[in-house]
Amino acid sequence: MTRRWSIARQLFALQVLVVTLLVAVCTTGAVLLARRDARNAAIGEVTAVAETIAHSPEVVTALHSEDPSKTLQPYAEAARKATGTDFIVVMAPDRTRYTHPTPSLIGRPFAGSVDQALAGGEVVEEYPGSLGDSWRTVVPIRDGSGTIVGLVAVGIRTTAINRALVAQFPAVATGTAAALLLAAAGAWVLSRRLGRQTHGLGPAEMTSMYEYYDAVLHSVREGLVVAGRDGRVELINDEARRLLGLDFIDPPEIPAEVADLIAERRTMVDEPILAGDRILVASRRFTHDSRGSVLTLRDHTELRQLTGELDSVRGLTEALRAQAHEAANRLHTVLTLVELGQPEEAVRLGTEELALAQQLTDQVVGAVREPALAALLLGKSAQAAERGAELIVDPSSQVNDSPLPPRDLLTVVGNLVDNALEAVAGVPAGSPRRVRVLVRQEEDAVLVEVGDTGPGLTPDQADAAFRRGWTTKPGPGRGVGLSLVRQVAQRYAGTYGISPGPSGGAIFSVRLSLPVPAGPERPR
């Protein structure tokens, strides 16, 4: 199958054709102008010669002699050769020739128009005379009294004018060829550049590719954001608009998180970012010439939620497994004490463990009426015990029927507690590993404070802790939890911050404003 011409080749052929036509038209115009200028120059020359001869006293004297030809023929031939004209004819008012380059024509009538010259003017015309086509000028010859005593005609054959034009042809041809070569070279360079930019594709192929790509962009289930070298968004598909919560307006108002990501100009793979209520996984790749980049976005909100729930369940399962192991050990101890005849000691050991577990449950359930939040705190307490840490629920904690969605409370408390548990995990053995949790419902807000006995944060770290991607832990997918906390706080027009603990560590404080009953729509 014969491949169609690429758009670069078609453009090159079109440019060469257009330039050739333009050069041909310009060359033709130049030739016509040169021909006209040559004709005007010839007319001016023969007119000047004719006027000079007509005003010569010698010619006037010869016309009054008995044999004018005897004097005028040598004079006219000498003047003709000196001026380069083809003929000089001096004649009587009745057209009788006194001079001619062909002596046999002397005495015969002049062929051509003389009426205007006899009237005192001059005749300028192209006429097919005895020597061929020529441009000629006829002027009157006057004596001292002003009487017309004769006429003089001076002419140059058109073939001589054409020969002068032909003599200029090499220069014109050289200029034309140079113009064509320069134009062709420029068109070739442009077509080569266009060919590289279009990858040698033809118009039909580019049209098909555009239609296919457009269909892919609008049908793919990943968000695509194409940005130029300057970071300006060039293209954004429907899925990206949906994920980023953008209206179908141009230019789109890209969220600050994504705009900062585009401005960083770095390659990334599966990096989590926050965009509104969504957790997105972003990957970025640059074009081969780094003129732009493509950012792909995938929605991991539900996956992150399920993963978080799975991690909580896994942690709770591991804690329960550890407790079951400990319970089995204690049960064996109790049975052994019974077998050894010490039932009182067995009862004391069993009731102490039961009292401690029941005390924690009563404290959490009594302070927190929200079932999901209470379950979270109990699970985190078991998880902390498994890690060798102690989770303490502040006695002043009190949450009744909070108007805030449980999901948002779980996001804030769960992420802050996880962050605190990871902080105390790095504390040297023998040092206290405590996490204190305060959740208190106030008149117009819900206060959440989570303190730890970890290494704490520097002022610079505290300022950056709630930013997307900030983390002190290695590995991909980090730096999302505190960003989610910040997002929830901002959604409820709340505040968030970090302060140093009284005995080291850090205290994370978040205040979520409660919606006013008659106010705006409840956040979702």
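**Reading burial, pairing and packing in a predicted model**

Mentor: Let us begin with Glu77, which counts as buried because its relative accessibility is 15%. Please keep in mind throughout that this model is predicted.

Trainee: With which residue does Glu77 form a salt bridge?

Mentor: The general idea is that side chains of opposite charge can pair when their charged atoms come close. In this structure, Glu77 forms a salt bridge with Arg80, and their closest N and O atoms are 2.8 Å apart. Arg80 is likewise buried, with a relative accessible area of 18%. Both residues belong to helix H3 (residues 68-83); because they are 3 residues apart, about one helical turn separates them.

Trainee: How many salt bridges are found in the whole structure?

Mentor: The search finds 9. Another of them joins Asp86 to Arg157, with 3.7 Å between the closest N and O atoms. This pair links distant parts of the chain, 71 residues apart: Asp86 is in the loop between H3 and S1, and Arg157 is in strand S4. Asp86 counts as buried at 15% relative accessibility, whereas Arg157 is partly exposed at 29%.

Trainee: Which residue does Arg491 meet in a salt bridge, and at what distance?

Mentor: The partner of Arg491 is Asp408, at 3.2 Å from N to O. Arg491 lies in helix H15 and Asp408 in helix H13, so the bridge ties together parts that are 83 residues apart in sequence. Asp408 counts as buried, at 6% relative accessibility, and Arg491 as partly exposed, at 24%.

Trainee: Which residues have the most contacts inside the largest nonpolar core?

Mentor: As a general matter, nonpolar side chains tend to be buried together in soluble globular proteins. Here the largest nonpolar core has 38 residues, and Leu416 and Leu512 have the most contacts inside it. H12, S10, H13, S11, S12, H15 and S14 each supply at least two residues of this core. The largest share, 8 residues, comes from H13. Apart from its neighbours within four places in sequence, Leu416 is in contact with Val448, Val450, Leu482, Val485, Phe508 and Val510. A second, separate core has 26 residues, including Val49, Ala76, Val90 and Ile156.

Trainee: Is Gly150 buried or exposed?

Mentor: Gly150 is buried, with a relative accessible area of 0%. This glycine lies in strand S4 (residues 148-157). Leaving aside neighbours within four places in sequence, the residues in contact with Gly150 are Leu63, Met91, Ala92, Pro93, Pro140 and Ile141.

Trainee: Which residues form a nonpolar patch on the surface?

Mentor: Leu14, Val18 and Leu22 form such a patch, with about 270 Å² of accessible area together. Val18 lies in helix H1 (residues 7-54) and is partly exposed, at 38% relative accessible area. Val31 also lies in helix H1 and is partly exposed, at 42%.

Trainee: Where do Arg95 and Ala493 lie, and what are their phi values?

Mentor: Arg95 is in the loop between strand S1 (87-91) and helix H4 (115-118), and has a positive phi of about 85° although it is not a glycine. Ala493 is in the loop between H15 and strand S13 (495-500); its phi is near 55°, again a positive value in a residue other than glycine. Arg95 is partly exposed, with a relative accessible area of 26%, while Ala493 is exposed, with 63%.

Trainee: How many helices and strands does the chain contain, and what share of its residues is buried?

Mentor: The chain has 15 helices and 14 strands, and 36% of its 524 residues count as buried. Its accessible surface comes to about 29500 Å², of which 58% belongs to carbon and sulfur atoms.

Key:
Residues are numbered from 1 along each chain as its sequence is written. This is a predicted model: local features need pLDDT of at least 70, side-chain atom pairs count only at pLDDT 80 or more; totals for chains, interfaces and linings use all residues. Side-chain values use heavy atoms; hydrogens and water are left out. Helices (H or I, at least four residues) and strands (E, at least two) are DSSP runs, numbered from the N terminus. Buried means under 20% relative accessible area, exposed over 50%, partly exposed in between (1.4 Å probe, protein chains only). Accessible areas come from the Shrake-Rupley method with a 1.4 Å probe; for residues, only the protein chains shown count as cover. Patches are made of residues with over 30% relative accessible area and no salt bridge: like charges are joined within 9 Å, nonpolar side chains (Val, Leu, Ile, Met, Phe, Trp, Tyr) within 5 Å. A salt bridge is a side-chain nitrogen of Lys or Arg within 4 Å of a carboxyl oxygen of Asp or Glu. A nonpolar core is a set of buried Ala, Val, Leu, Ile, Met, Phe, Trp, Tyr and Cys residues joined through side-chain atoms within 4.5 Å. Contact means heavy atoms within 4.5 Å.
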